[in-house]
Amino acid sequence: MAPNDSAETNGTAVRGPAGRRRAARYIVPVAVAGAAAATIGLVPALASSGDPDLPKITAQELIEKIAASDTEQFSGTVKISTDLGIPSMGGLAGSFLSGAAEGGEGGKGASSADPQSRLTELASGTHTLRVAADGPDRQRLSVLDQASEYSLIHNGDEVWAYDSGSNAVYHAEGRGEAPHGKDRAAPEGVPSTPKELAEEALKAADGTTSVTVDGTARIAGRDAYRLVLKPEQKGSTVGSVTIAVDAENGVPLKFTLQPSSGGKAVVDAGFTSVDFGKPAASSFSFTPPKGAKVTEADDAKAHEKPLGDLPEFEDAQGAAAPEIIGKGWNSIAEFKTPGGAALPSEASKDVPAQAQQFLDALGDKVSGKFGSGTVFKTRLINALMTDDGRVYVGAVTKDALVAAANAG
């Protein structure tokens with residue numbers, strides 16, 4: 001029986017602080033999926049075995065329970081599936097993204113174990129992960145395929161990645177903490193557990209979001225409450241976010257993001273098994289196998305080159321911070337490409353033919369008061385790039401992007 005029958009937990013919105021920075025509110029819907037090239041999600045974890053009868057709890061109390069959770073030790077299995085609506089094109093998208101990460105010239109100096117390229121594979125399809133953590137200094141994430149395994153291990157000041165299929169090893173040291181921030185085993189923008197996804201989603205619980213408790217669930221053998229976030233604005237591609245929260249320790253066990261357009265979930269993330277005991281120390285130990293090719297991070301970085309003449313948004317010197325249009329889930333970031341560069345065209349031959357084919361498959365030509373441009377779309381994140389080098393991006397519909405460009 002679902003115990004949440006009070007006005008506070010059934011259909012009554014609980015709103016978080018209204019004073020969050022606009023930039024943070026924009027980042028939320030993007031980070032929920034990690035942006036189009038780095039998003040991961042999960043297929044339904046376990047079929048419900050009956051809703052547990054738990055004490056009543058309000059949405060605010062449940063949010064506080066998540067925030068207060070100090071669980072730093074766990075191990076388990078996570079099942080992953082993502083449906084962003086990106087054309088598969090026979091694996092072209094994945095190879096294009098990996099190629100960009102590895103640099104031009106055939107990926108010279110790159111390693112097939114480099115996490116920046118390997119974890120982009122989680123952007124689509126179904127995957128099974130094994131995860132483990134023992135505080136901020138030790139994490140392990142393994143992606144299991146039918147014939148191989150890819151593992152990323154953080155242990156103290158060292159990070160190891162190993163691809164068993166190619167017997168390749170990637171090594172970085174001297175970090176002193178998990179790469180790209182505390183408690184992270186994966187590159188920034190690649191959430192690897194339901195907890196990381198939930199933390200990003202909860203940042204959106206402001207005056208534009210309704211937050212309710214919608215009954216209980218049984219996830220990976222654990223009793224959980226269901227916390228539901230729904231954008232109250234029209235024009236967002238996000239329909240709802242549901243987080244199953246462990247009733248005992250407040251750890252998110254399952255995360256589901258439904259698109260406003262309907263259909264299957266864009267992200268459906270959950271543990272299939274979980275243990276909150278201390279993982280064995282051997283889980284975080286790694287020695288390169290005999291005959292493995294080891295690539296040091298500094299050596300790989302020295303060989304990296306941009307793909308063709310694509311704009312280098314992240315590395316552009318002196319690039320202005322994006323202007324945030326709107327608020328909450330409807331926030332749109334507007335910025336100019338470095339030097340006002342427009343999208344490379346097929347006629348300019350600025351990009352390889354396969355890369356151009358991938359870009360064209362994603363894009364819709366649009367026009368308005370702003371001029372003309374191309375909208376690149378997924379089921380979650382859409383972006384409009386105008387012919388004069390302006391970019392509008394957010395978890396909003398194509399019409400919302402065009403309206404923002406016209407107003408600008």
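I take buried to mean under 20% relative accessible area, exposed to mean over 50%, and partly exposed to cover what falls in between. I keep in mind throughout that this is a predicted model.

**Entry 1: D268 and K254.** With that cut-off in hand I looked up K254, whose relative accessibility of 14% makes this lysine count as buried. I then checked its partner, and found that the side chains of K254 and D268 meet in a salt bridge, at 2.8 Å from N to O. I noted that D268 sits in strand β11 and K254 in strand β10, so the pair links distant parts of the chain, 14 residues apart. D268 is buried as well, its relative accessible area being 10%.

**Entry 2: R222 and D246.** Next I turned to R222, which forms a salt bridge with D246, the closest N and O atoms lying 2.7 Å apart. Because R222 belongs to strand β8 and D246 to strand β9, the pair ties together parts that are 24 residues apart in sequence. I recorded D246 as buried at 1% relative accessibility, whereas R222, at 21%, counts as partly exposed.

**Entry 3: D134 and K278.** I also looked up D134 and K278, whose side chains meet in a salt bridge of 2.7 Å, N to O. Here the two residues are 144 apart, with D134 in strand β2 (residues 125–134) and K278 in the loop between β11 and β12. D134 is buried, at 8% relative accessible area, while K278 is exposed, at 57%. I found that R138 joins D134 and K278 in a network of salt bridges. The count for the model comes to twelve salt bridges.

**Entry 4: nonpolar cores.** I then asked which residues of the largest nonpolar core touch the most other members. Of its 33 residues, these are L227, V241, I243, F255 and L257. I listed the elements that each supply at least two residues of this core: the helices α2 (59–68) and α6 (194–202), and the strands β7 (209–219), β8 (222–231), β9 (238–246), β10 (252–259) and β11 (267–275). Apart from this core I found another, of 27 residues, which includes L119, V143, V159 and A168. In soluble globular proteins, nonpolar side chains tend to be buried together.

**Entry 5: surface charge.** Last, I looked at the surface, where D157, E173, E296 and D298 gather in a patch of negative charge. I placed E296 in strand β12 (residues 293–296), and noted that E296 is partly exposed, with a relative accessible area of 30%.

Note on methods. Residues are numbered from 1 along each chain as its sequence is written. This is a predicted model: local features need pLDDT of at least 70, side-chain atom pairs count only at pLDDT 80 or more; totals for chains, interfaces and linings use all residues. Side-chain values use heavy atoms; hydrogens and water are left out. Patches are made of residues with over 30% relative accessible area and no salt bridge: like charges are joined within 9 Å, nonpolar side chains (Val, Leu, Ile, Met, Phe, Trp, Tyr) within 5 Å. Accessible areas come from the Shrake-Rupley method with a 1.4 Å probe; for residues, only the protein chains shown count as cover. A salt bridge is a side-chain nitrogen of Lys or Arg within 4 Å of a carboxyl oxygen of Asp or Glu. Lys and Arg count as positive and Asp and Glu as negative; His and the chain ends are not counted. The place of a charge is taken as NZ of Lys, CZ of Arg, CG of Asp or CD of Glu. Helices (H or I, at least four residues) and strands (E, at least two) are DSSP runs, numbered from the N terminus. Buried means under 20% relative accessible area, exposed over 50%, partly exposed in between (1.4 Å probe, protein chains only). A nonpolar core is a set of buried Ala, Val, Leu, Ile, Met, Phe, Trp, Tyr and Cys residues joined through side-chain atoms within 4.5 Å.
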